[in-house]
Amino acid sequence: MAMVKIPGGWEIPEREATPEEIFRSRRRFLRDAGLLALGAAVGCSPPGPGDDLPSTRPAITGDPVPPADLKGIPQDVLDLYPARRVDDYVLDRPVTDERVAARYNNFYEFSENKAEVARLAGALTLRPWTVEIAGLVRSPRTVDIDRLVRTMGLEERLYRHRCVEAWAMAVPWSGFPLARLVEWCDPLPSARFIRFVSFHRPYEAPGQRQARYPWPYYEALSLEEAVHELAFMATGIYGHPLPAQHGAPIRLVVPWKYGYKSIKSVVRIEITAERPATFWSDLVPHEYDFAANVNPRVPHPRWSQAWEKLIDTGEEVPTRMFNGYGELVAGLYRS
Ligand SMILES: Nc1nc2c(c(=O)[nH]1)N[C@H]1C(S)=C(S)[C@@H](COP(=O)(O)O)O[C@H]1N2
Ligand SMILES: [Mo]
């Protein structure tokens with residue numbers, strides 16, 4: 001892949017969240033043809049991660065977002081929030097209104113309808129929660145999430161997020177670099193990839209009672225991508241622990257890739273020698289590739305990727321190569 005220089009992309013300081021703006025009604029795009037195409041690909045008609053861009057922006061109510069379910073989180077872990085913000089990662093756009101981000105979620109385990117994920121994800125039991133570390137590591141182990149957080153420490157970073165469906169947000173994540181976790185795992189010399197698996201609890205997650213998806217959700221990165229400074233494990237958002245709908249208690253965040261790589265609610269991390277299969281690539285290989293690097297010049301088979309829509313204001317802005325992180329990640333893809 002060509003190296004991309006985005007001059008000045010990192011010098012623009014963060015602005016404050018925009019005031020609520022006037023609603024602009026928007027044409028509906030990506031619809032029927034899309035559903036048909038995916039149906040043909042998988043033999044039935046599930047929506048892909050890209051089928052329901054709203055014609056209207058999500059409603060912003062006056063209610064504050066209810067605090068994340070804190071039951072069972074030890075006080076010394078709660079005390080880590082809000083984490084100190086690391087200033088290396090600045091945004092070129094306002095932080096997304098939290099009330100919108102928390103009500104507009106892709107989490108197919110709960111629903112294909114973004115607006116009802118938050119309510120349904122409340123059924124996910126968040127403690128006790130362990131993360132299993134397996135595969136090509138010197139000491140495989142299973143670690144309690146709160147012990148892991150204390151071991152890794154927390155920092156806050158402002159990242160853009162770009163879904164393959166052409167919507168985007170910008171949020172403060174709390175968490176730690178994935179590189180720190182990889183180092184702690186102590187991979188063997190044969191290690192080349194890292195694989196992540198989400199929980200599998202059909203009794204809590206209605207979407208997992210649908211047989212058309214190969215549950216549990218699974219994703220992967222090359223080890224080189226995993227130890228890149230931008231790859232992040234998030235346990236919090238907006239200065240507090242993650243609410244379930246954002247992938248509590250721990251999720252991956254890979255800001256230069258389409259959102260489907262950023263797997264939520266991880267229970268298992270495995271180091272492998274071969275490239276692992278991934279959930280959306282298995283379902284619809286010609287639409288969702290393994291790399292999933294944000295690229296405005298490569299359209300999705302069913303829609304353009306040249307523009308993206310900010311979920312709180314409805315504003316449409318040009319998509320940037322590698323989601324604006326081109327200078328930082330170019331080294332990964334130079335060949
Ligand atoms: N386990 C799991 N992880 C997931 C998904 C999912 O359906 N299940 N959806 C992905 C997609 S397509 C996106 S865009 C982001 C959305 O994250 P957010 O709801 O916190 O904005 O989560 C990703 N991680
Ligand atoms: Mo997405």
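User: How long is the polar contact that joins the side chains of E308 and R93?
Analyst: This is a predicted model, in which local features need pLDDT of at least 70, side-chain atom pairs count only at pLDDT 80 or more, and totals for chains, interfaces and linings use all residues. Residues are numbered from 1 along each chain as its sequence is written, chains are lettered from A and ligands numbered from 1 in the order in which they are written, and side-chain values use heavy atoms, with hydrogens and water left out. A polar contact is a pair of N or O atoms within 3.5 Å; within protein, one must be able to donate a hydrogen and the other to accept it, and residues adjacent in sequence count only if both atoms are side-chain atoms. For the side chains of E308 and R93, the distance is 2.9 Å.

User: Is E308 buried or exposed?
Analyst: E308 belongs to strand β11, residues 307-310; strands (E, at least two residues) and helices (H or I, at least four) are DSSP runs numbered from the N terminus. Buried means under 20% relative accessible area, exposed over 50%, and partly exposed in between, with a 1.4 Å probe and protein chains only. Because its relative accessible area is 1%, E308 is buried.

User: Which residue of β12 stands opposite E308?
Analyst: β11 pairs with β12 (residues 316-318) in the antiparallel sense over three bridges; pairing requires that DSSP finds at least two bridges. Contacts of E308 (heavy atoms within 4.5 Å) beyond four places in sequence include R160, R162 and V317. The residue opposite E308 in β12 is V317.

User: Which residue in the hairpin of β11 and β12 takes a positive phi?
Analyst: Five residues lie between the two strands of this hairpin. The phi is near 80 degrees, and the residue that takes it is G314.

User: Why are the buried residues of α5 on the same side of the helix?
Analyst: Helix α5 spans residues 145-152, and its buried residues are I145, D146, L148, V149 and M152. They lie on the same side of α5 because the arc they cover around the axis, taken from the directions to the C-beta atoms, is only 155 degrees.

User: Which residue caps the N-terminal end of α5?
Analyst: Just after the helix, G153 takes a positive phi of about 80 degrees. At the N-terminal end, a side-chain oxygen lies 3.0 Å from the backbone nitrogen of D146, and the residue that supplies this cap is D144.

User: How much of the accessible area of ligand 1 does the protein cover?
Analyst: Among the side chains with polar atoms at ligand 1, K264 lies 2.6 Å from a ligand oxygen, and E109 is 2.8 Å from a ligand nitrogen. N105 lies 3.0 Å from an oxygen atom of ligand 1. Of the 540 Å² that ligand 1 has on its own (Shrake-Rupley method, 1.4 Å probe), the protein covers 100%.

User: What distance separates the C-alpha atoms of C163 and G259?
Analyst: C163 sits in the loop between β3 (155-162) and β4. C163 counts as buried because its relative accessibility is 4%. C163 and G259 are 96 residues apart along the chain, yet their C-alpha atoms are separated by 4.4 Å.

User: What percentage of the residues of the chain count as buried?
Analyst: The chain has nine helices and 12 strands. Of its 335 residues, the buried share is 59%.
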